[in-house]
Amino acid sequence: MTRNTKMGRSRRYAVTIAALATSALMLTGCSPAANQTQALASAGDIEPITLTLGHSYAVDSLQSRAAEQLAERVSELTDGAVTIEIFPSSQLGSWEEMQEGLEIGSVDIVIESLGSLERYTDLAAIEGIPFLYTDAAHFFEVWDGEMADEILNAVRDDSGFQLLGAMYRGGRQVNSTRPVAELDDLAGLKLRVPNQQTYIETWQKLGASPTPLAFSEVFSGLEQGAIEGQENPIDVVRYSSFYEVAKYVTETNHLYGNYHFQFWGDSFDALPKDVRSALETSIDEVSATYRDESIQEAVDNKTFLQEAGVEFFEIDLDDWRKPVSGMVQGANPTVRDWAERISALG
């Protein structure tokens with residue numbers, strides 16, 4: 001049951017078109033900067049405004065660099081009228097707390113994934129269906145196509161959150177304090193997961209002991225033995241320094257996903273038109289460069305971790321898929337439909 005269902009669906013939101021123009025930019029190779037500048041020619045009329053952006057990732061992470069790029073570009077497009085103040089490393093609280101801040105207006109923008117909204121809407125579980133994508137190319141086919149708009153619009157309608165951009169974060173991997181060379185090694189592993197039901201169910205079925213824990217507490221949890229592993233894209237292992245206390249990475253690629261710039265939908269709609277345009281334009285640009293950088297840096301990140309003494313393992317994909325193969329059938333009917341359509345593209 002979604003959060004809105006529990007609240008009697010007292011709020012319904014007009015479906016808006018999510019700004020996922022990354023693929024168009026990459027396919028055409030054209031920069032719309034001239035047209036964008038012309039479209040914002042009235043930027044001098046914008047009243048000065050400061051927006052607050054928070055995220056949970058390290059100050060030198062790709063996520064934080066994306067936030068800086070966004071702030072710089074928005075300032076350029078609005079002649080300095082719009083300032084984005086960035087608070088990395090959970091300075092504004094956990095991502096759950098920051099999302100609550102979006103609702104009440106204490107935070108304006110949060111960088112997080114679609115799946116992080118699962119406690120607000122069952123539809124967000126589409127990100128957490130394990131082994132749904134065969135590889136990155138399959139993921140891009142879906143998220144560069146019409147389904148991306150369909151999914152994000154439906155999430156907006158059901159939850160109230162507006163998600164803009166599509167910053168490819170790569171596949172999620174298991175990072176542990178003891179080797180996980182095959183599925184049996186996962187048995188009983190105290191694995192930190194986000195507090196999302198789909199993640200919890202996945203790792204229960206795979207034999208681990210999923211342990212919901214705030215992201216800001218993962219390093220100390222690994223260091224002190226409260227948890228024995230965590231699962232995240234490889235850049236998080238590096239830039240959050242998890243490799244210092246967890247020297248093993250199992251390349252599962254059990255999930256592929258994007259980060260998005262999250263807004264509270266009504267608050268976004270209430271911004272002046274030129275401010276919304278500057279944000280959408282800048283987010284499109286950030287998304288396009290983020291994917292390239294994420295793919296390029298993945299190789300460097302693995303090399304860095306190997307040189308730091310991290311041992312990598314590959315998996316027998318068929319063995320890992322079997323225990324979770326029935327999860328799609330137990331999902332929300334809309335999520336099930338999406339998942340079946342996604343699988344058909346693979």
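## The largest pocket

Which element gives the largest share of the lining of the largest pocket? Helix 12 does, with eight residues. Helices (H or I, at least four residues) and strands (E, at least two) are DSSP runs, numbered from the N terminus. The largest pocket is lined by 22 residues, and nearest its centre lie Gly170, Gly171, Gln173, Ile234 and Ala298. Two or more lining residues come from each of strand 4 (161–176), helix 10 (234–239) and helix 12 (273–307).

The volume of the largest pocket is about 390 Å³. On a 1 Å grid over the protein atoms alone, a pocket is an open set of points with protein on both sides within 12 Å along at least five of seven lines, whereas a cavity is a set of points where a 1.4 Å probe fits but cannot get out; lining residues have an atom within 4 Å of a point. Grid points are joined across faces, edges and corners, and a volume is the space filled by probe spheres set on the points.

## Basis of the model and overall make-up

This is a predicted model, in which local features need pLDDT of at least 70 and side-chain atom pairs count only at pLDDT 80 or more, while totals for chains, interfaces and linings use all residues. Residues are numbered from 1 along each chain as its sequence is written, and side-chain values use heavy atoms, with hydrogens and water left out.

The protein chain holds 14 helices and ten strands. Of its 346 residues, 54% count as buried (buried means under 20% relative accessible area, exposed over 50%, partly exposed in between, with a 1.4 Å probe and protein chains only). Among contacts (heavy atoms within 4.5 Å) with a separation of 6 or more, 78% join residues 24 or more positions apart.

## Enclosed space

Two cavities of 30 Å³ or more are found in a search of the whole structure. The largest cavity contains about 100 Å³ of space. Its lining consists of 13 residues, of which Tyr57, Trp95, Glu112, Arg172 and Pro194 lie nearest the centre. Strand 3 (109–113) and strand 4 each supply at least two residues of this lining.

## Helix 14

Helix 14 (residues 333–345) has 13 residues and reaches 19 Å from its first C-alpha to its last, close to the 18 Å expected at 1.5 Å a residue. The expected span is 1.5 Å times one less than the number of residues. Val335, Trp338, Ala339 and Ile342 are buried in helix 14. They cover an arc of only 100 degrees around the axis, which puts them on the same side of helix 14; the arc is that of the directions from the helix axis to the C-beta atoms.

The cover over these buried residues includes helix 6 (136–143) and helix 7 (146–159). On the face turned away from the buried side, helix 14 carries the exposed residues Pro333 and Ala344. At the start of helix 14, a side-chain oxygen of Asn332 comes to within 2.7 Å of the backbone nitrogen of Thr334.

## Residues in loops

Most residues other than glycine have a negative phi. Ser241, in the loop between helix 10 and strand 8 (248–251), has a positive phi near 65 degrees. Ser241 is partly exposed, with a relative accessible area of 22%. Asn253 lies in the loop between strand 8 and strand 9 (256–264), and its phi is also positive, near 45 degrees. Asn253 is partly exposed, at 27% relative accessibility.

Methods. A polar contact is a pair of N or O atoms within 3.5 Å; within protein, one must be able to donate a hydrogen and the other to accept it, and residues adjacent in sequence count only if both atoms are side-chain atoms.
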